[in-house]
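Visitor: I am new here. Could you show me around, please?

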Amino acid sequence: MSQSATNHLEILRLQVINRLADLLEGQTRTQFYATSLSELILSVHHEITGTLNQALGSGNQDVLNEAMQYAATTCTRLDDTLSLLFSERSRQWQQGGEHLRALMSEINGTIASLSTTLIEKDLLERQSRVLERIILSHERVAQWKEFVQEILLDFHAIFPFNFFFIAFAEEHGLSVYLYYIGTYSEEVRRQASEMLSRRMLIDLGLPANTPLDIEEFIIPNAATVSSVDDIHLLTVSVPEHAPKLAGLLGVAYASNATLLPQEQSVISSILAVMVMVVGSSKILSRTLAELEYYSMHDPLTGLYNRRHFNAMLEYEVGRSERHNHSFSLLLLDLDDFKDVNDSYGHPTGDQALVAVAEVLRAHLRKGDLPTRIGGDEFAVILVETDQQGALKVADTMGRNLRELTLNSENGKSFHLTVSIGVITYPQDGESISDLLTGVDVAMYRAKELGKDGFSTIDTLKDRIQINRNTRDQAEHLRVALQEQRIVPYFQSIIDCKSGDVFAFETVARLKELDGQTISAATFIETIEKYGLSRDLDQAIINKAFATKRENMLNADNPEVKLFINLSAQEIQGRGILGYAEELCNKLAIPAHCIVFEILERDAISDMTNMRRFLTNLRRKGFAFALDDFGSGYNSFHYLRELRFEYVKIDGAFVRNILNSSVDYALVRNLSNLCQDIGIRTVAEFVENQEIFDALCDMGIDYAQGYHIGMPLPEMCYATAKNLAVRSKR
């Protein structure tokens, strides 16, 4: 019970006590007056009787007359007294009656108030039961119209309305949802629909000719009505803050009875809650629908996205296998599309992608699946289409896209071309992996052939197998790096004049689980292609530095240098030099003992970063060697532009100096040039004593090769020293 009701009852209790006290006092006074009146009458009666008896006993007429006169006077006084007493008694009765009437009025008002309170409590309890059922969930949000029906059954138990309606003002018009509580004739439903729709348009401020989208629901119930003339409405508007949602909902009922304020309040509160439920459900349902749409569609072009493409490709493979059908797959990649974005801006690029999507839609059959799988790549599943049919579609697509004229925001026109890969199931591949790999290779083949065309994989199946093997090898190498099975081997580099070991070059070797050792030449391209170069560089540096530290402690010449190959990516400044510097400090290895080498083709491909790399390298105290020197088209130019401590002459020249006068002249001239400008030379691929002797005659500073020493897991001096003795003899 509320605090106000409690205060009201306390006031009533005090008032009743006061009124009853007044009545009790009046009753006491009445009883006192009655007793006094009785005593007065008895006293006067005794007095008159005694006087008359005494006069009669005297026999004297005068005494008797006097006694009679006295009795008459006494009775007169008694009459006056009784009149006053009766008047007072009447006043007290009247006052008591007023108190009783006031008390009855107050009690009646209190009882009415209590009755109202009891009605509100009952309504609130029933309202609570309705609200307890209103629990939002994914299923109810997705099926909010049916959820409303569940709520209405409980709502109807509180208030027997006839119709419930919801209206939302949307872009296409007014969406109206009518719920009929009970069974009504078609005429009554028509009348109710017209009347309620008209009222909704007025309440929402919409024109009378606004298009209506009416959806009707019938909720079985005993309620009925034969006419809508006396229908009353209660409505609640959807709050204005609801995003992108305007509308109202309410109930319509036919009743001669006037709703009590408490009933109207409870009904309005339930409607207010239903506004939030219905409004939230509508928004959430719309959001879920949008999320579901964009989970399968590209937001820019409206085409299906990669996720749906993958699902449908899997479905089409299964369907075609069951029904023994062929289908084809097209992969379209716009040629040089980056230039469009760079030249005209990304908004123009987006418009171009939308235009491409429209071309795809316009020139495909119903049932074919055009998709945008990312960036400027599109894919098309051509159902029940063989290779010849797919090639015709590819030709048509290419021609229509080529003829499409596009305009930039500044009014300039431009055109697009496309390279298309074509693959057919099952002749070109029976698995999803084979189809995707094949169509990708075919598309890049179309690029290689000059773009603006299409290609199949008829002549490319060997390349696909090579690609697949390369990918498998990449994963194998990734595991080997994690398990530290790629290790450094060391090949000695000797001083051609003294025959002493000058340095060791580190070369990578893969240790297979079966004990086999694999040369880096078989896997270095895969390492570079799949971004494993940095992991390889760190692994080799770690182990090579540890070996170098051990060698410094045990060898006669701790100043022997260590040549370490770096990948081209390290020129971009990915931190390998800092890593090597920290490791040198940790292991107390002098930085001048470390020589980093990079292939000539990698060094000259990025001159700007190469200069920065060399500056950083020398700042840390390291030296640099240019590997495979002479293999480039303009090697002398780079000798002028960049400064190197060492150049390693390309072994392709060295191994042929005895058989080719050209190679002999090249190596000799390179040696002379480097001597003149202060760069020391290292000759690779020294495979016999004759080549070694010829190199010594040319003035080559250092040499390495299988004749001098094989790559070994440890730094070994024995073979090199023996060779040095023989060479001196």
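Visitor: Which residues make the nonpolar surface patch of about 310 Å²?
Guide: Welcome! This is a predicted model, where local features need pLDDT of at least 70, side-chain atom pairs count only at pLDDT 80 or more, and totals for chains, interfaces and linings use all residues. Residues are numbered from 1 along each chain as its sequence is written, and side-chain values use heavy atoms, leaving out hydrogens and water. A nonpolar patch joins Val, Leu, Ile, Met, Phe, Trp or Tyr side chains within 5 Å, each residue having over 30% relative accessible area and no salt bridge (Lys or Arg side-chain nitrogen within 4 Å of an Asp or Glu carboxyl oxygen). Here the patch is made by Y706, M710 and L712.

Visitor: What is the relative accessible area of M710?
Guide: Buried means under 20%, exposed over 50%, and partly exposed in between, with a 1.4 Å probe and protein chains only. M710 counts as partly exposed because its relative accessible area is 46%.

Visitor: How many aromatic pairs are there?
Guide: Phe, Tyr and Trp rings (six-membered for Trp) pair if their centres lie within 6.5 Å; planes under 30 degrees apart are stacked, over 60 edge-to-face, the rest tilted. By this rule the count is eleven.

Visitor: Is the pair of Y179 and F217 stacked or tilted?
Guide: Both residues, Y179 and F217, are buried. Their ring centres are 4.6 Å apart, with 15° between the planes, and the pair is stacked.

Visitor: And what about F624 and F644?
Guide: F624 and F644 are both buried. Their centres are 5.5 Å apart and their planes are at 35°, so this pair is tilted.

Note on methods:
Patch = residues over 30% accessible without salt bridge, like charges linked within 9 Å, V, L, I, M, F, W, Y side chains within 5 Å. Areas by Shrake-Rupley, 256 points an atom, 1.4 Å probe, with all protein chains shown as cover.
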